[in-house]
Amino acid sequence: MTTEKSTAVLLCNLGTPDAPTPAALRRYLSQFLSDPRVVEIPRLFWLPLLHGVILRVRPSRSAAKYASMWSDAGSPLAVWTQRQADLLGQRLRESGLPAPVLPAMRYGQPAVGAQLQGLLDAEVQRVLVLPLYPQYSAATTASLFDGVADWVRRSRRYPELRFVNDYHDHPDYIAALAGSVRAHWEGKGQRAQHLVMSFHGIPERNVRLGDPYADQCRNTARLLAQALQLQSEQHTVTFQSRFGPAQWLQPYTEPTLQALAKAGTRSVEVMCPGFVSDCLETLEEINMEVRHAFLQAGGQAFHYIPCLNDSPAWIAALGRIAEQHLAGWKTVPTRSI
């Protein structure tokens with residue numbers, strides 16, 4: 001038996017700069033690339049390179065890319081994360097779970113620690129930490145848990161905590177992905193010749209050290225292909241966003257699309273199942289850079305399938321995932337947050 005206590009959900013994403021400016025990008029990238037979970041290079045070698053070279057050059061380039069997709073409401077990732085938090089909270093209330101949902105960012109604002117402190121100040125006694133990363137990786141999921149632990153370490157008291165590790169094979173997540181592809185097919189009236197499922201890459205070394213990310217990505221793709229009744233020759237799994245000289249998970253997305261075009265594939269559909277919110281890596285890297293590379297290599301039609309964003313099927317899936325992890329926590333309404 002459990003007593004009734006106030007409960008909340010912290011819906012966490014990677015993060016975004018505050019503005020599409022070099023100064024904002026410098027602050028954001030400094031925090032992001034200083035995380036030893038993200039860059040597993042000895043600090044003695046990495047930090048001088050980061051502060052002496054990368055943060056002097058990359059912010060201006062990245063700011064221009066962010067500016068190409070920034071809106072009056074802010075960055076796409078921030079907008080979609082807030083929207084998902086609002087809709088998830090509404091769904092939980094309709095399901096009889098009075099658990100408010102707050103968005104949080106591992107890097108940037110609103111910060112994980114600040115959001116947790118706000119929940120504690122509001123006398124929330126239990127918190128479910130729900131990452132917007134379907135596939136587990138030490139560079140994302142474990143880093144988020146580090147951020148929560150850092151706040152706990154500095155706090156005199158803290159609420160009960162539960163964490164969601166992954167949901168890469170959750171039936172409702174797979175169904176939401178499949179539904180987005182079918183909706184695209186219906187909207188276009190036909191299918192492209194090939195479907196490319198592009199996931200964010202990580203260094204191959206991370207996998208050799210035991211990171212389950214690659215296996216989970218491929219399992220997501222396998223289940224999605226099954227749901228769509230695709231044959232093996234009709235789809236490909238690739239990995240994008242390589243950074244630095246090390247070998248990352250392969251095949252790489254852009255060279256694969258170029259090779260498909262040169263081999264005679266005229267039309268492709270590209271989706272990013274590991275991203276549940278459209279962001280720089282999907283809107284600029286995939287729908288602009290990779291699109292250009294495919295068409296330049298001889299392809300004729302490039303169709304980008306948007307992320308799940310605020311689709312009803314995805315919000316329903318998020319709701320079921322949250323409900324399953326909240327099971328056993330009898331909750332009462334909190335005071336206004």
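Colleague: Where does P251 lie?

Modeller: P251 lies in the loop between β6 and α9 (253-262). Helices (H or I, at least four residues) and strands (E, at least two) are DSSP runs, numbered from the N terminus. Please note that this is a predicted model, in which local features need pLDDT of at least 70 and side-chain atom pairs count only at pLDDT 80 or more, while totals for chains, interfaces and linings use all residues. Residues are numbered from 1 along each chain as its sequence is written, and side-chain values use heavy atoms, with hydrogens and water left out.

Colleague: Which kind of peptide bond joins Q250 and P251, cis or trans?

Modeller: The bond joining Q250 and P251 is cis, with omega about 5 degrees. The bond from Q109 to P110 is cis as well, with omega near -5 degrees. P110 is found in the loop between β2 and α4.

Colleague: What is phi of S241?

Modeller: Phi of S241 is near 65 degrees, which is a positive value in a residue other than glycine. S241 is found in the loop between β6 and α9.

Colleague: Is S241 buried or exposed?

Modeller: S241 counts as buried, at 15% relative accessibility. Buried means under 20% relative accessible area, exposed means over 50%, and partly exposed is in between (1.4 Å probe, protein chains only). Q229 also has a positive phi, of about 55 degrees, although it is not a glycine. Q229 is found in the loop between α8 (213-228) and β6, and it counts as exposed, at 65% relative accessibility.

Colleague: Let us turn to β6. How many of its residues are buried?

Modeller: In β6, 6 of its 6 residues are buried. In a regular strand the side chains alternate between the two faces of the sheet. Both faces of β6 are covered, with H235, V237 and F239 on one side and T236, T238 and Q240 on the other.

Colleague: And how many bridges join β5 to β6?

Modeller: There are 6 bridges joining β5 to β6, and the two strands run parallel. Two strands pair if DSSP finds at least two bridges between them. L195 stands opposite H235 in β6.

Colleague: What does the side chain of S198 make a polar contact with?

Modeller: The partner is the side chain of Q240, at 2.6 Å. A polar contact is a pair of N or O atoms within 3.5 Å; within protein, one must be able to donate a hydrogen and the other to accept it, and residues adjacent in sequence count only if both atoms are side-chain atoms. S198 lies in strand β5 and is buried, with a relative accessible area of 0%. Not counting residues up to four places away in sequence, S198 touches several residues, including T238, T253 and I286; contact means heavy atoms within 4.5 Å.

Colleague: Now the aromatic rings. How many aromatic pairs does a search of the whole structure find?

Modeller: The search finds 10 aromatic pairs. Rings of Phe, Tyr and Trp (its six-membered ring) pair if their centres lie within 6.5 Å; planes under 30 degrees apart count as stacked, over 60 as edge-to-face and the rest as tilted. One of the pairs is Y173 with W314, which is edge-to-face at 6.3 Å centre to centre, with 65 degrees between the planes. Y173 lies in helix α6 (residues 171-188) and W314 in helix α11 (residues 312-326), so this pair ties together parts that are 141 residues apart in sequence. Y173 is buried, with a relative accessible area of 0%, and W314 also counts as buried, at 0% relative accessibility.

Colleague: Why is the pair of F199 and F239 tilted?

Modeller: Their ring centres are 6.3 Å apart and their planes are at 40 degrees, so the pair is tilted. F199 lies in strand β5 (residues 194-200) and F239 in strand β6 (residues 235-240), so the pair ties together parts that are 40 residues apart in sequence. Both F199 and F239 are buried.

Colleague: Finally, which residue caps the N-terminal end of α5?

Modeller: S137 caps that end: a side-chain oxygen lies 3.2 Å from the backbone nitrogen of A139. Among the buried residues of α5 are L144, F145 and W151. The buried residues of α5 pack against several elements, including β1 (5-16) and α4 (112-121).
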